[in-house]
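Colleague: Could you walk me through how to read disulfides in a model?

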Amino acid sequence: MSLPRGALAFLAALVVGCVDAPDTEPEPHDAGWPDAQAVSHGAVVVGAVRYEDRVFDEGGFTGALEARPARRVRVQLWRDVALLAEGLTEDDGGFVLPLGDEARADETLRVVARAEAAYEGHTVRVADRARAASVYALEAEGRADARFELLARADDVGGAFNVVDVSVDAFALYAPHVAAPAPTLTYRWERGRAYDCGSCYGDDEISLGGGFDDTDEYDDDIVLHELGHYFVDHYGRDTSPAGAHRDRQVEPELAYGEGLAYFFAAMVTGRPFIVDTFRGSNRVIDLERLLQNGEAKSDFRGVTADGRLREEIVAGVLWDAYDAGSAEEPFDRVAIGLDGVMRVLVDHFGADRVWRSIVLDDFLEALVCVAGVPEDDAEALAADRAYPWSPAGCP
């Protein structure tokens, strides 16, 4: 939306850091904070929140920074220690907060933008690694009639706002296909510090690595991969035992759980590439052409004698089932789209929480029995990955 500009575009100070959760912190199942809206009478405070995004493509980070709107993030208006108003930014990062008739144009106020967002009741926040109640935030101080412009820089807390913004994309994708919102998702992160697991999910929290040699806060595909585990935890089902999985053949349940999470990331971004930057290099997986950093990998097809396989096989089969085929992929005659994926993942697997084991075979069976894909077409997807599967028939 287009916002009116204040009479004086002046900011006295800009402070970056964490803020402890106020008394107004929503409960885990809160339906979300109210949208920021202009009021029909009285004074308003206006502004916008943006963050610096580190641009990357299939070759990794380009070195460029791009200022992007911080969408649906929580903004608060303070007079000293009194909270006057709060709401959410719009999709362009803009906000309008009511001030009241008693306000003076020359009084000093604070606007706080918190690294937490809500989309249709689905909520996410990025908190300090050591203190879960301390949400990263930007703070700007200025006159009441100023236009407040807040920018989270990449060398400070920009990564926290990137994580929130990427999460909003995921919420927007799946919100229409699920029931009540899950509890608030919390990312625990600290710039410059890594986790032993790299990045991992558990109990509505994602431990997100922030080490300078592995900046996962700007690795959108890794952020979405971990969010994919949260999505499956609440709306779908897998039986993964967890454990190390990168660049190795793993047991079928682990391969399915991790491959599903990578497919989820690709579905949100709309591209069949998974980009992970770490240790000064880029790891780029092409899910359609079965390439890693442009090279074919022999274990991207087939399974070992004891049935172990790469997670990329799972992610690739799920991607081919989801997207439309092309002349380069004559074997791919399946395109169930988002509705079909949600019917399989949420309505089928998610409806029955007592699955003892879920592997790629079960997804392929669901393609036929739930999504209505012809058996021959589902077999063709498996055959392209040299994955040994034959339809067992629908119950």
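Modeller: Let's start with C394, which is partly exposed at 42% relative accessibility; that class lies between buried (under 20% relative accessible area) and exposed (over 50%), using a 1.4 Å probe and protein chains only. This is a predicted model, where local features need pLDDT of at least 70, side-chain atom pairs count only at pLDDT 80 or more, and totals for chains, interfaces and linings use all residues. Residues are numbered from 1 along each chain as its sequence is written, and side-chain values use heavy atoms, leaving out hydrogens and water.

Colleague: Which cysteine is joined to C394 by a disulfide?

Modeller: A disulfide is a covalent bond between the sulfur atoms of two cysteines. The rule here is a pair of cysteine sulfur atoms within 2.5 Å. The partner of C394 is C369, with S to S at 2.0 Å. This pair links distant parts of the chain, 25 residues apart: C369 sits in helix α6 (residues 360-369) and C394 in the segment after α7 (375-384). Helices here are DSSP runs of H or I with at least four residues, numbered from the N terminus. C369 is also partly exposed, at 32%.

Colleague: What is the handedness of the disulfide of C369 and C394?

Modeller: The torsion about its S-S bond is about -95 degrees, so the disulfide is left-handed.

Colleague: How many disulfides does the rule give?

Modeller: The count is two. C197 and C200 are also joined, with S to S at 2.0 Å, and their link is left-handed at -70 degrees. C197 is partly exposed at 39%, as is C200 at 26%. Counting bonded cysteines along the chain, the pattern reads 1-2, 3-4.

Methods. Helices (H or I, at least four residues) and strands (E, at least two) are DSSP runs, numbered from the N terminus.
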